Number of protein chains: 2
Amino acid sequence: VTALRAVYRLAVPPGRAEERAAALALEQTVELPDAAVHDRFVREHVLARVERLEPEGPDAVRAILAYPVSITALDPAQTLNVLFGNSSLQPDVQLVDIEVPSALRVALGGPRHGIEGLRQLLGAPARPLTCTALKPMGLSPAALGRLAGLFARAGIDVIKDDHGLADHTFGGFAERVRACQRAVNEAAEETGRASVYAPSLMGGPGTLAKQLAIAEAEGVGAVMVCPMLAGLPFLQELVAVRTERPVLAHPAFAGSGWIAPAALLGRLFRLYGADAVIYPHSGGRFAWTDAVCRSVAERLRGAWPPLLRSLPVPAGGVQVDRAPDLVAFYGADVMLLIGGSLYLAAEGDAASEAAAADRLLGRTRELVEAVRSAVPGC
Amino acid sequence: VTALRAVYRLAVPPGRAEERAAALALEQTVELPDAAVHDRFVREHVLARVERLEPEGPDAVRAILAYPVSITALDPAQTLNVLFGNSSLQPDVQLVDIEVPSALRVALGGPRHGIEGLRQLLGAPARPLTCTALKPMGLSPAALGRLAGLFARAGIDVIKDDHGLADHTFGGFAERVRACQRAVNEAAEETGRASVYAPSLMGGPGTLAKQLAIAEAEGVGAVMVCPMLAGLPFLQELVAVRTERPVLAHPAFAGSGWIAPAALLGRLFRLYGADAVIYPHSGGRFAWTDAVCRSVAERLRGAWPPLLRSLPVPAGGVQVDRAPDLVAFYGADVMLLIGGSLYLAAEGDAASEAAAADRLLGRTRELVEAVRSAVPGC
């Protein structure tokens, strides 16, 4: 593969497809009417080529365009710009998939650890993994630290900050990371088994760099970022040159409908280096279907040499009781992120905080056991 | 105003609005079911409040939510996260407008120069302004430099890189910026009137910093960034702490439908510091209506103390002949970005490059004259 290919869904009848796809090819490369493109180099080495048009019913067409890879400058921002810069503003076109030539895969690099690296770090070579979130925003660092310790003792593999936890006046980043990492360390000394704590980095590039330095100094096992807030090119730079820690990617601010999840979370998040990708599983608070979830997981885990495989982390209103179903759906190479429903399942009549913590611990242990003993499907 | 308010359009019938808005308030703050939120501080100081629900026909409701400003941590990324992090993934909700309390306006800062600063820089205190783009991608730095010189001699106010021009093997960023800035300088010596050249910065944070340093060393008058590619928080940091140059913001990768242009380009781009905001005017290659364009321009230019006013830069397939209409539509505080149709209008039969350049120069002069003599409306 030497071209960067993009698959678009055009909301036009097949009779208008050729003209619409040609306009798309101009828009994404020269941004000029065809009649104003004279330069021979530009015509031969810059213009996109419409490779294929496939009708999808009476009102839509799949268009496959091929871009010369050199126009991406092998840069993470320019690659997005070529794929879907201007045209993203047009409501009749959606980016649905991409095919990336090896030169660009090598340049952008993909995950540093991937599924196998995460498994090694967690001492879990084959079983499905568990994840939960420290929440809600507004709890003190000490209270979040207590939660982190509880989840670690219950055997959760990855304990992450809720992505709403920022550097708040009512809970600073540094204090939180210290409290949570220490609690996880203490639990590991008790149980002989280490959970990974992943703080959420949130801010502009300067703030992100400061938070990363604090997190690394505290010895965190991983970090989480929201690439659509930080900028997808930041994710690529973070993984390629800024940290050796595993990176979890959270889909906040990814939007709905304009880029298909398979292309954005499945392809681009992996290409840009996410070791694990969080996304809403079907049947929760989000409107994703089983087919969409499968399309994301396939792209995260499928062969895409030389890129390592990324771990799917389905989440978003998943109920504790559905854990076995999810493992049956995804197979063993998955990390189930169960947050809200775990907290809710731990609710009860007793008012005491200690009793509530006991219930949460018990409920979390049940979840961990249910996931460990679930029978992988796929 | 002490709360951060967001206006959402919920695609639900009015009968379901209360429940849907309550779920949105939980999603954007605690990410927990209401029954699992016990902490008094969290209930009083973190949870969003549904302030108002207004039916919009049988299938939609406008919901106004108020967020305690402290949960934004006065941070550019967390502010977006609070406004539309998780919920952006849900297809039944669109962010349509925001109301920003003064503490957050002051913290994020807005434009450094604004309309008045740009006018001072350009020596044009009152008239409508002109802008064009150097294109297409694939031309050599020398050829782009010749174009820059031509546009400067024709009297264009701001000459910007096409946002597709990156740091390519067939045209490096440094060579291009040097060639274009020098050409603009030479033209200014001839004409006694300086145009501003604005190179497009494109890449991850590290690359952007290097490109900015190169551009400043060459003495450029402004820079352009694509905030949705670089990350909106990068724009805020760029303007607040990294450069004193005016910053033009380009809408590439902004998507369609998930955030209303009024909220994203009108409010957020201004809040995060764009001195001028490029967006597609109605009737061109993009599907925006007059009403949408007006909503963006109003938010860029309206009173929003202490933020300076941002300059609307309508573009996107605007024809040379429509320039007077655009000035009538927007009034004098506008910069018309005319690219492709200028190149196209300069087409003719003669094959010689010199003849083509002469035609482009003549056509550009006509445009500049037409805009200067247009009668502002509004």
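The structure, a predicted model, holds nine cavities of 30 Å³ or more, a cavity being a set of points, on a 1 Å grid over the protein atoms alone, where a 1.4 Å probe fits but cannot get out. Grid points are joined across faces, edges and corners, and a volume is the space filled by probe spheres set on the points. Because the model is predicted, local features need pLDDT of at least 70 and side-chain atom pairs count only at pLDDT 80 or more, whereas totals for chains, interfaces and linings use all residues. Residues are numbered from 1 along each chain as its sequence is written, and chains are lettered from A in the order in which they are written.

The largest cavity has a volume of about 230 Å³. Of its 24 lining residues, which have an atom within 4 Å of a point, those closest to the centre are Arg285(A), Ala315(A), Gly316(A), Leu337(A) and Glu31(B). Strand 10 (276–280) and helix 14 (340–345) of chain A are the elements that give two or more residues to this lining, and strand 10 of chain A gives the most, with three residues; helices (H or I, at least four residues) and strands (E, at least two) are DSSP runs numbered from the N terminus. By class, the lining has 11 nonpolar, eight polar and five charged residues, where Ala, Val, Leu, Ile, Met, Phe, Trp, Tyr, Cys and Pro count as nonpolar, Asp, Glu, Lys and Arg as charged, and the others, Gly among them, as polar.

The second largest cavity, with a volume of about 100 Å³, is lined by 13 residues, of which Met228(A), Phe253(A), Pro227(B), Met228(B) and Phe253(B) lie nearest its centre. Helix 9 (227–230) of chain A and helix 9 (227–230) of chain B each give two or more residues to the lining of the second largest cavity, which has 11 nonpolar, two polar and no charged residues.

Note on methods:
Side-chain values use heavy atoms; hydrogens and water are left out. On a 1 Å grid over the protein atoms alone, a cavity is a set of points where a 1.4 Å probe fits but cannot get out, and a pocket is an open set with protein on both sides within 12 Å along at least five of seven lines; lining residues have an atom within 4 Å of a point.
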